[in-house]
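This report sets out selected geometric features of a single model.

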Amino acid sequence: MLTVKEAIEKRRSIRKFKPVPVPDELLMQVLEAARLAPSGTNRQPWRFQVIKDGPLKKKLIEEATFGSEALNSAPVIIVCGAEMLTFVKGHQLAPPGSQYYGAENEDPEELKKFAPDANMYTAIAITHMTLIATALGLGTCWVQRIKFGQMARLLGWPRHMTVLTTLALGYPDEDPPPRPRVPLDTILIKEG
Ligand SMILES: Cc1cc2nc3c(=O)[nH]c(=O)nc-3n(C[C@H](O)[C@H](O)[C@H](O)COP(=O)(O)O)c2cc1C
């Protein structure tokens, strides 16, 4: 198993996968890493639907994406989204103490105010998945260029659950070099 540092350095977006299924035991480790992610007020809004090779996967790619090499070749797609009811004050899906902070009601316009939080928290959980997948010898690729509403409709998600991205998962069939990153100097804001 790689160290966290090694996994961070080794991770790449993988767009070509071997036509080999991902063992359920590894898939569960990937999902467990998402479950353990931190979130503001421990909201845990993330939700995941695992789609394996088959007719549903084909339909989703055809009708709810703009085409993606990564999704096509991946044996597993994890549809990642958020349960927005976790943001409603005092809701049974919201964390204890949530009566003090959150949406006033379940109105879609009210829930929308919490979309940035839902995005941020879910992105942390997805990052956990990408890193543990790397450590387990698997590859991932975020594919966010999808038709969100269409994906939710095809999967039968209710209105209060939003699709945020998909994650392709499988055994890498390519070993791409690191993609460029801007230097630390550029991203560090200095005093004065
Ligand atoms: C939020 C997010 C959305 C992305 N969406 C796509 C996508 O729709 N299609 C794709 O091929 N790659 C997508 N990527 C992968 C990026 O292109 C990739 O992370 C970036 O080029 C850096 O390469 P690396 O991941 O190999 O370091 C996405 C990555 C992130 C984090």
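The model is predicted: local features need pLDDT of at least 70, side-chain atom pairs count only at pLDDT 80 or more, and totals for chains, interfaces and linings use all residues. Residues are numbered from 1 along each chain as its sequence is written.

Helices (DSSP runs of H or I, at least four residues) and strands (E, at least two) are numbered from the N terminus. Helix 3 (residues 55-64) packs against helix 7 (residues 148-155) at an angle of about 150°, and their axes are 9 Å apart. Helix 3 is therefore roughly antiparallel to helix 7, a term for angles over 145 degrees. Here axes are lines fitted to C-alpha atoms over the stretch in contact, and angles run from 0 to 180 degrees between N-to-C directions. Two residues are in contact if their C-beta atoms, placed from the backbone, lie within 7 Å.

| Helix | Residues in the contact |
|---|---|
| Helix 3 | K59, L60, E63 and A64 |
| Helix 7 | Q150, M151 and L154 |

By class, this contact has four nonpolar, one polar and two charged residues.

Around the ligand, the surrounding residues include R12, S68, W142 and R179, the criterion being a C-beta atom, placed from the backbone, within 6 Å. Strand 3 (residues 139-143) supplies the largest share of this shell, three residues.

F148 lies in helix 7. With 15 other C-beta atoms within 10 Å, F148 is partly exposed, that is, between buried (20 or more) and exposed (12 or fewer). The C-alpha atoms of F148 and V163 are separated by 5.7 Å, although the two residues are 15 residues apart along the chain.

Methods: Parallel < 35°, antiparallel > 145°, perpendicular 65-115°, else oblique. Nonpolar A, V, L, I, M, F, W, Y, C, P; charged D, E, K, R; others polar.
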